[in-house]
Amino acid sequence: MPEPSEPLHSPLPASACAPVGAIVTPDQAKPANQLDLTTSSKRAVPLALRVYGVLALLNGIAAIPLLALVAVGAVAQVGAGHSDDRSAVAIAVLALDFALTLASTALFAVLGVRLLRNRRRYAARIAYTLIAVQVGLLLSSMMLNGLGAATASHAVVLTLTVVLSGYLDPALAEERLLQRKLHDLDIRAEAERGTLGRDVTGEGYLALNFFNLFWIFAICSVVGLALEVVYHFMLFGGYEDRAGLLFGPFSPIYGFGGVLVTVALNRFYRAPLPVVFAVSAVIGGAFEFFVSWFLQTAFGITAWDYTGTFLSIGGRTNAQFMIMWGLLGLAWVRLLLPRMLKLVNLIPWNWRYVVTTVCATLMVLNGALTLAALDRWYSRLADAHEPSTALEWFCDEHFDNRFMEGRFQSMSIDPHNAVRETGAGLGSGTD
């Protein structure tokens, strides 16, 4: 059985297989995968994407003057005292939302130019940047307006941008152009060796692809929830449901935390223990702080409060839990990650993509429905508005206040803590 680094196909260059005396061009002398990558990056952008590029460019040009007028109007309102009832946090979130909208508009204009000039690689980089900006817009819109039309439009744009980035990425395009039979042989061989999912370049431990990252998220969500339940039982006695989603034994904060730690330390899994511990502690503490802040500003939810504890930072994280994140990250990178890879490789290689797609779809639906239920929980307590859509009626019927209090036992909600205005005012979700 060959070592993981050995390719299954012949490593001989094309020049070694050419007849004696034959002239070999530079392209023929390149390895097949390198040639495919160059070819895929130079392929012409399809007509549909060129049309999309024109629309993106026109949208950017038309939106910038409108955004300027909105900015002038907002400044005039603040100067006239019309925003006295808004908290400093709400104004900061509004400013952030405007800045992200401006950045998104400019990036879409640049993306349009790149597509029209057939710069696939540069367009892919712009698309990746747009993904981060659209995530920020989605979160800020959720904090300001709840789950309304604006949030839905941002979610649609984010989804389209993710799909576009995957299509434009030269590396992904090259993978789509590989011969299917050789690809299947490689996968079968890696599955037999138990190395499927390893980073074949040797730069990191794992290949940071969607398959691996999804299962890291899922496994860490389950393991993190189990640790939370055991910790609460040992400290306070009795059982408390610590789940973070409507369905299933999942705590997504540990899932996302595991993904962030894995991405940050993938190339440093052999680093000294203090380095792994410190990076895990900082990432975990910062992420815990952000989640606490987001839940409070978006839905008025307090999921935990560490006020009065040692080195508490706004009650959202503290020294004890940063140390815990550091220890969990250390155990994850050094002990659990290799075992996770073996566990995931138990999925038959020819089923792994179908199983992953189905499970990921169910997880996304679970997360989206959870956000909708949290939004209706907020609206009912804030008397913001009666249900007006089928989804809102569904949430009120199946996930009422009693259900939400029983499912999310560690959470308390106070609408006055959110940056949205209660009642029928701005941000009530009536749009």
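**Close-up 1. Helix α4 and the nonpolar patch.** In this predicted model, helix α4, which runs through residues 47-80, gives the most to a nonpolar surface patch, putting in 3 residues. The patch is made by V54, L58, I61 and L116, and covers about 340 Å². L116 has its place in helix α5, residues 88-116. With a relative accessible area of 33%, L116 counts as partly exposed, because that value falls between the 20% and 50% cut-offs.

**Close-up 2. Two rings on helix α10.** Here we zoom in on F210 and F214, both in helix α10 (residues 210-236). They're 4 residues apart, about one turn of the helix. Their ring centres are 6.2 Å apart and their planes meet at 20 degrees, so this pair counts as stacked. Which of the two is buried, and which is exposed? F210 is exposed, at 55% relative accessibility, while F214 is buried, at 8%.

**Close-up 3. A cluster of phenylalanine rings.** Now for a group of rings: F247, F394, F399 and F403 are linked into a cluster by ring pairs.

**Close-up 4. A charge over a ring.** What sits over the ring of F289? It's the charged end of R316, placed 5.8 Å from the centre of that ring.

Notes. Residues are numbered from 1 along each chain as its sequence is written. This is a predicted model: local features need pLDDT of at least 70, side-chain atom pairs count only at pLDDT 80 or more; totals for chains, interfaces and linings use all residues. Side-chain values use heavy atoms; hydrogens and water are left out. Patches are made of residues with over 30% relative accessible area and no salt bridge: like charges are joined within 9 Å, nonpolar side chains (Val, Leu, Ile, Met, Phe, Trp, Tyr) within 5 Å. Accessible areas come from the Shrake-Rupley method with a 1.4 Å probe; for residues, only the protein chains shown count as cover. A salt bridge is a side-chain nitrogen of Lys or Arg within 4 Å of a carboxyl oxygen of Asp or Glu. Buried means under 20% relative accessible area, exposed over 50%, partly exposed in between (1.4 Å probe, protein chains only). Rings of Phe, Tyr and Trp (its six-membered ring) pair if their centres lie within 6.5 Å; planes under 30 degrees apart count as stacked, over 60 as edge-to-face and the rest as tilted. A charge sits over a ring if NZ of Lys or CZ of Arg is within 6 Å of the ring centre and within 35 degrees of the ring normal.
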